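I opened this structure to look up a few places in it. My entries follow in the order in which I made them.

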Amino acid sequence: QVQLVESGGGLVQAGGSLRLSCAASGRTSRMFAMGWFRQAPGKGREFVARIGWRGGGGIYTDSVKGRFTISRDNAKITVYLQMNTLKVEDTAVYYCAADLGGGWGYWGQGTQVTVSS
């Protein structure tokens with residue numbers, strides 16, 4: 001099993017930045033893709049970004065392209081989400097997830113990001 005713990009959420013003004021972190025532990029000897037999802041109040045959970053186990057360029061949902069950057073440090077088994085130029089509509093609970101080959105089977109508890117106008 002893999003455990004994921006997110007951190008770095010908080011309250012920020014529109015136009016500001018935050019960096020989320022997600023540390024993985026447990027059966028992490030197997031390389032796996034990691035990603036970020038978010039859920040705004042009254043809405044379903046949506047995909048934000050994904051990065052393969054080799055790192056490199058990420059895959060992003062259109063609404064965050066050019067503003068968010070996903071990265072990972074395999075030595076620390078940690079994935080990051082750098083969020084710049086934040087908008088009020090980015091307000092959501094952000095979840096980290098891991099895909100060991102069978103889909104997004106592991107999830108963190110979520111961290112709240114609130115962007116004020």
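Entry one, a threonine in a loop. I looked up threonine 91 and found it in the loop between β8 and β9 (92-99). Strands here are DSSP runs of E with at least two residues, numbered from the N terminus. I noted the ground rules too: this is a predicted model, in which local features need pLDDT of at least 70, side-chain atom pairs count only at pLDDT 80 or more, and totals for chains, interfaces and linings use all residues. Residues are numbered from 1 along each chain as its sequence is written, and side-chain values use heavy atoms, with hydrogens and water left out.

Is threonine 91 buried or exposed? I read a relative accessible area of 18%, so threonine 91 is buried. The cut-offs are under 20% for buried, over 50% for exposed and partly exposed in between, with a 1.4 Å probe and protein chains only.

Entry two, its surroundings. I left aside neighbours within four places in sequence and listed the contacts of threonine 91: Ala40, Pro41, Gln112, Val113, Thr114 and Val115. Contact means heavy atoms within 4.5 Å. Valine 115 is 24 residues from threonine 91 in sequence, yet their C-alpha atoms are 5.4 Å apart.

Which backbone atom of valine 115 lies 2.9 Å from a polar atom of the threonine 91 side chain? I found that it is the backbone nitrogen. The backbone oxygen of valine 88 also lies 2.9 Å from a polar atom of that side chain. A polar contact is a pair of N or O atoms within 3.5 Å; within protein, one must be able to donate a hydrogen and the other to accept it, and residues adjacent in sequence count only if both atoms are side-chain atoms.

I traced an open sheet of 4 strands in the order β1-β3-β8-β7, with antiparallel pairing. Two strands pair if DSSP finds at least two bridges between them. β1 (2-7) and β7 (68-73) are the edge strands with a single partner each, so one side of each has no neighbour in the sheet. I counted 6 bridges between β3 (residues 18-26) and β8 (residues 78-83). Leucine 20 has leucine 81 of β8 as its bridge partner.

Isoleucine 77, in the loop between β7 and β8, has phi near 50 degrees, though it is not a glycine. Isoleucine 77 counts as partly exposed, at 23% relative accessibility. Threonine 85 lies in the loop between β8 and β9, and its phi is also near 50 degrees. I noted threonine 85 as partly exposed, at 47%.
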